[in-house]
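This report covers selected side-chain features of one protein model. The sequence and structure come first.

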Amino acid sequence: MAKRYSVFSRKHKHIPLTKTDYVKSGGKWKPINVEHDVISDEQAGWILGSAGLPFERSHRLEKKDRYGHSHPYDTFSSISPDGSQKTQWSVDYATGDRNYSKLVRKSYYDRMRRKKKGGRR
C-alpha cells in the first residue's frame with residue numbers, strides 16, 4: 001500500500017517552475033528553450049539556494065514578484081563561464097499557494113461528502 005501524506009504536508013504544495021535557457025546574441029539575451037515543471041516547496045528551496053552551480057561565471061538571486069509572496073527570492077539565474085549562455089529558474093509561489101489552497105478545499109469537501117454518504121470505505 002502506498003504511503004499516505006496529510007494534505008497539509010509540504011510534499012503537496014505544487015509550485016510551478018519555469019526554466020529558460022538564453023544565448024547571447026549581439027549584446028542581448030535571446031531565449032532559446034523554455035521548460036515548465038511543477039516542484040515541491042522543498043525542491044524550490046534547493047533551486048533558490050545561495051550556492052551556485054559548478055563551473056559558472058556568476059549567479060544571481062532575485063525577487064521579481066515583490067508583493068506576491070513572503071519568500072526572500074523567486075528567481076535564480078546562472079551565467080556560463082564563457083558568458084555566452086544563461087539559464088534562469090523562476091518559481092511562482094503565488095500560483096503554488098493558490099494550488100495548495102484549492103487542494104485543501106477539495107480534500108475537505110471530499111471528506112464531508114464521504115461522511116454524508118455513510119462512513120469510510
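Is Met-112 buried, partly exposed or exposed? Met-112 is partly exposed, at 34% relative accessible area (buried is under 20%, exposed over 50%, partly exposed in between; 1.4 Å probe, protein chains only).

## Model basis

This is a predicted model, in which local features need pLDDT of at least 70, side-chain atom pairs count only at pLDDT 80 or more, and totals for chains, interfaces and linings use all residues. Residues are numbered from 1 along each chain as its sequence is written, and side-chain values use heavy atoms, without hydrogens and water.

## Salt bridges in helix α2

Helix α2 spans residues 93-117 and contains Met-112 (helices are DSSP runs of H or I, at least four residues; strands are runs of E, at least two; both are numbered from the N terminus). The model has 2 salt bridges (a side-chain nitrogen of Lys or Arg within 4 Å of a carboxyl oxygen of Asp or Glu). Lys-106 pairs with Asp-110 at 2.8 Å, N to O, and Asp-110 pairs with Arg-113 at 2.3 Å.

Lys-106 and Asp-110 are 4 residues apart in helix α2, about one helical turn. Lys-106 is partly exposed at 48%, and Arg-113 is partly exposed at 47%.

## Asp-74

Asp-74 sits in the loop between β3 (58-62) and β4 (75-79). Asp-74 is buried and has no salt bridge; Lys-63, the nearest side chain of opposite charge, is 7.1 Å away (Lys and Arg count as positive, Asp and Glu as negative; His and the chain ends are not counted).
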